[in-house]
Amino acid sequence: MSAAPAAAAFAITEVEARHAHALAQQARDAAQKKGAAFAPKFFTAHEYATVRLLVDMIIPKDERSGSATEAGVPEFMDFTMIDQPARQVAMRGGLSWLDGESERRYDRRFATATPAQRDELLGDIATYGTLKPGLSHGQAFFRSFRDLTAAGFWTSKMGMTDLGYMGNTVVAKWDGCPTEQLQKLGLA
């Protein structure tokens, strides 16, 4: 029951996503003109480093597109937190939980844990299977964070290109889903 409010706090509309991307792009452009890196307004330096690691674990660079960080997802999240203060407690609390669990297990914060340790911790909270005791808050945070990462990536220019999104275009004739895709899904 307590996970539902945290998950709901991360839901985002397409309009909100576009707004956050526009603000993030303006801030990146302004920083670039000054020869500086983006400076988050919500996240502390440590939190921002964790966010950058975590979003790239969720959506890493692959042969089709760049990583979540390359798509501007950390900046998107920073502006979402500023623009929608109701999300701040869930985000900051979740990042704190992640650090606390990492310290409990490995005697180091998540950002300074080894890649294998980070993978193990995320594997435990990203599961849809049986959850180990005491990890329900971490699982709720991860699911919400993952959804916000996906919203940030798939509404970015890079994400839309990766999807092959063509926008509002007329489709003269729709023959339905291709047979090969239906077969792949076991529906034909």
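This is a short tour of the predicted model above, stop by stop.

**Before you start.** Residues are numbered from 1 along each chain as its sequence is written, and side-chain values use heavy atoms, with hydrogens and water left out. Because this is a predicted model, local features need pLDDT of at least 70 and side-chain atom pairs count only at pLDDT 80 or more, while totals for chains, interfaces and linings use all residues.

**Stop 1: the whole chain.** Show the protein chain as a cartoon and you will find nine helices and zero strands. Helices here are DSSP runs (H or I, at least four residues) and strands likewise (E, at least two), numbered from the N terminus. Now colour by pLDDT, the predictor's confidence in each residue, from 0 to 100. The chain's mean is 86, and 84% of its residues reach 70 or more.

**Stop 2: the start of the chain.** Select residues 1-10, where pLDDT stays under 50. Where pLDDT is low, the predicted coordinates should not be read in detail.

**Stop 3: helix 4.** Next, select residues 73-83, which make up helix 4. How many of its eleven residues are buried? Nine are, among them Phe76, Met77 and Phe79. Buried means under 20% relative accessible area, exposed over 50%, and partly exposed in between (1.4 Å probe, protein chains only).

Stay on Met77 and show its surroundings. Beyond its neighbours within four places in sequence, Met77 is in contact (heavy atoms within 4.5 Å) with Phe43, Val51, Val55, Met91, Phe145, Leu148 and Thr149.

**Stop 4: the core.** Met77 also belongs to the largest nonpolar core, a set of 30 residues. Such a core is made of buried Ala, Val, Leu, Ile, Met, Phe, Trp, Tyr and Cys residues joined through side-chain atoms within 4.5 Å. Select Phe43, Leu54, Met77, Met91, Leu98 and Phe145 to see the members with the most contacts inside it. At least two core residues come from each of helix 3, helix 4, helix 5 (88-106), helix 6 (115-125) and helix 7.

**Stop 5: Thr50.** Move to helix 3 (residues 45-58) and pick Thr50. Is Thr50 buried or exposed? Thr50 counts as buried because its relative accessibility is 2%. Leaving aside neighbours within four places in sequence, its contacts are Leu95, Leu98, Phe110 and Ala111.

**Stop 6: Trp154.** Finish in helix 7 (residues 136-154) with Trp154. Its relative accessibility is 31%, so Trp154 counts as partly exposed.
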